[in-house]
Amino acid sequence: MNRGRAALAAALLCPLAAIAADEFPSRPITLVVPFSPGGVSDTTARPLAPLIAKRLGQSVIIENRPGAGGGVGMAHVAKAAPDGYTLMMALPSISAIPAADKLTGKTPAYSTSQFVAIARMSADPTVLAVRDDAPWKSVQELVQAAKAKPGTISYSSSGVYGTTHVAMERFAHAAGIKLLHVPYGGGGEQVTALLGGHVQATTQTYGNISGHIKSGKFRALAVQGAERLPSLPEVPTMKELGYDAEYYLWAGLFAPAGVPAPVMSRLRAAVRDAVADPAFAKAMTGMGTPVQYQDAPEFEAFWRTDEGHQTGVINSIGKLE
């Protein structure tokens with residue numbers, strides 16, 4: 001077979017790659033946020049989408065698909081065509097959900113092998129917060145109250161085994177307490193629940209609750225990172241308080257596995273330029289979330305390490321009712 005025939009045969013066998021290399025993108029791209037509006041993945045995706053669109057010459061449409069702690073939207077993207085037209089802004093729950101399904105005897109709706117990492121935008125420690133009128137002025141006081149009345153102090157999360165559920169249960173496990181879990185669809189709903197007094201605590205990134213902390217509506221009790229936050233210098237870390245409850249809520253862009261290399265290259269370049277745009281940094285800083293960018297190779301390594309941590313946390317928590 002001569003070179004011309006070989007090239008033709010390859011194109012026939014892999015038409016997606018041939019078309020994608022020459023024409024991508026030829027239509028709008030959908031960026032799935034597997035949570036309701038207002039959460040970390042949503043507030044990260046919205047300023048990024050128009051900047052990517054500007055570089056690709058096609059619209060990037062945000063589509064919120066909440067449910068099951070992010071599992072509904074993630075399963076949808078896992079099954080989407082690997083053509084570059086369906087992307088997803090995910091959180092650590094991308095790894096936690098399959099691990100939790102296995103633990104509870106369910107058939108996972110997707111596996112992490114069905115995704116490919118494009119880039120990481122941020123990686124923030126979560127902050128444990130309560131309403132300002134709550135009776136607890138410190139983590140120690142909250143722990144004492146929880147031990148006195150197990151299962152009565154409620155907190156909001158992104159869903160069973162979702163990102164903030166795992167973060168809060170890691171703290172509860174470390175402190176030896178039992179809290180009342182109340183799941184919601186995303187960060188916005190979780191925060192609203194605390195504002196309205198429907199729950200008594202939550203753990204979120206600082207950017208997601210900074211306005212309510214500054215206004216005095218929320219009281220930050222502890223940071224779940226290795227170091228204190230510059231924005232909250234007076235708030236101790238869980239580690240300082242003697243609790244092994246370190247946790248980071250990162251946001252990263254993914255695509256279904258199998259996207260042709262030329263398309264992936266174009267997406268990576270567009271995202272890299274978009275993240276470097278001052279407009280994106282301004283939007284993120286305004287939310288109290290500094291950009292912590294990682295390109296595909298570095299992000300892939302970070303994600304796989306974090307996946308191991310997520311699985312370990314899920315298994316240590318065990319099967320929950």
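Predicted model: local features only at pLDDT ≥ 70, side-chain atom pairs only at ≥ 80, totals over all residues.

**Around one ring**

Modeller: Let's start with Phe254, which counts as buried at 0% relative accessibility (buried is under 20% relative accessible area, exposed over 50%, partly exposed in between, with a 1.4 Å probe and protein chains only). Phe254 makes a tilted aromatic pair with Phe299, 5.3 Å centre to centre and with 55° between the planes. Since Phe254 sits in strand β9 (residues 248-256) and Phe299 in helix α12 (residues 296-317), this pair ties together parts 45 residues apart in sequence. Those elements are DSSP runs numbered from the N terminus: helices are H or I, at least four residues, and strands E, at least two. Phe299 is buried too, with 0% relative accessible area.

Residues are numbered from 1 along each chain as its sequence is written, and side-chain values use heavy atoms, leaving out hydrogens and water.

Across the whole structure, a search finds nine aromatic pairs. One of them joins Trp250 and Phe254, tilted again, at 6.2 Å centre to centre and 45° between the planes. "Paired" means that Phe, Tyr or Trp rings (the six-membered one for Trp) have centres within 6.5 Å; under 30 degrees between planes is stacked, over 60 edge-to-face, and the rest tilted. Trp250 is also buried, at 0%.

Zoom out, and ring pairs link Tyr110, Phe115, Trp250, Phe254, Phe299, Phe302 and Trp303 into a cluster. As for Trp303, Arg304 lies over its face, 3.8 Å from the ring centre; that label needs NZ of Lys or CZ of Arg within 6 Å of the centre and within 35 degrees of the ring normal.
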